[in-house]
Amino acid sequence: MQIGIIGSGAIGLLFAHYLGKHFEIKVYTRRESGAQLLNERGVELIFNTESLTTSLKATAKPTYEEEILFIAVKQYQLKSIVQKLKEMPKKTIIFLQNGIGHLEFFPELSKHELFVGVVEHGALKIDERTVCHTGVGVTKLAAVHGESYVHKVFENEDEYFLFKIENDFQELLMEKLIVNAAINPLTALLRCKNGELFKNKDYQLLMEQIFKEVYCLFPFKKEETSLWNHVNSICKKTAENESSMLKDIKEGRPTEIDAIIGSLLEKAEKMKISVPYLTFVYYAVKGLGQGN
């Protein structure tokens, strides 16, 4: 079975290593230099005191020819990828994005079998071919539509890279959204690793206020305490991580603030619910982005 991974960030490289143990992997990069390095030296995973290398193929050309594709790029990078996939024969496509912005693309990809995934691992990209697995979690997947043999991907499951199938993709995405909303903007503003949000009591109070505002916007199936514990659990599992939003701010790249918080502000406005903490972090992060 051939598997394509679109994106060579921390999550893309993490998936490339673990899936590359059992399948033929091709990583699609933005730059030819990155693809050349991966082709020559493979992907290196650092885990605890070990350093492991997995061979694979890589390219900067968006051919997307594999039968199963994991999309591990930012929300704002999806449009050109979706345009290409619209023209291609039926495939199994797994979206691994933060937020819920990618939902708008699903009607355009109706001929494909679509899944959404939530990655609860800690991963830190060191360089173009190296990723550090900083926290072991689980990847949760749910089908949007179609039945697929995607379950075959999990038959050789690694104890440090587990998968779990969920029934409700919308509920799965909402849970991911509340985690992203509570953690990412604050770490970007406070310039701290994820773990500081639960170590510092004042930071945790801020995180809880944001959590409460998001919780009021959706009919979550999980009760509030259970979901708050889940947010803290993810924060602890990824304690040594810098969130993608913080990295984007530091490196002068666009952030996913619109996909994560912007969508929540739109919903709050429709529901006529006041969300002062969400409003503040939205415009504060937007302001930081303009300053780079």
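Cys-216 counts as exposed in this predicted model, with a relative accessibility of 52%, a value that qualifies because exposed means over 50%. Cys-235, by contrast, is buried, its relative accessible area being 0%.

**Cysteines**
- A search covering the whole structure finds zero disulfides.

- In soluble globular proteins, nonpolar side chains tend to be buried together.
- The largest nonpolar core holds 62 residues, and those touching the most other members are Ile-71, Leu-85, Ile-178, Met-207, Ile-261, Leu-264 and Leu-278.
- Helix 4, spanning residues 169-190, supplies twelve residues, the largest share of this core.
- Another core, of 34 residues, lies apart from it and includes Phe-15, Phe-115, Val-131 and Phe-161.
- When residues up to four places away in sequence are not counted, Leu-264 touches Leu-177, Ala-181, Val-214, Leu-217, Phe-218 and Leu-278.

**Helix 1**
- Helix 1, which runs over residues 10-19, is largely enclosed by the rest of the structure, because nine of its ten residues are buried.
- The buried residues of helix 1 are Ala-10, Gly-12, Leu-13, Leu-14, Phe-15, Ala-16, His-17, Tyr-18 and Leu-19, and one of these, Phe-15, is also among the members of the core of 34 residues.

Key
Residues are numbered from 1 along each chain as its sequence is written. This is a predicted model: local features need pLDDT of at least 70, side-chain atom pairs count only at pLDDT 80 or more; totals for chains, interfaces and linings use all residues. Side-chain values use heavy atoms; hydrogens and water are left out. A nonpolar core is a set of buried Ala, Val, Leu, Ile, Met, Phe, Trp, Tyr and Cys residues joined through side-chain atoms within 4.5 Å. Buried means under 20% relative accessible area, exposed over 50%, partly exposed in between (1.4 Å probe, protein chains only). Helices (H or I, at least four residues) and strands (E, at least two) are DSSP runs, numbered from the N terminus. Contact means heavy atoms within 4.5 Å. A disulfide is a pair of cysteine sulfur atoms within 2.5 Å.
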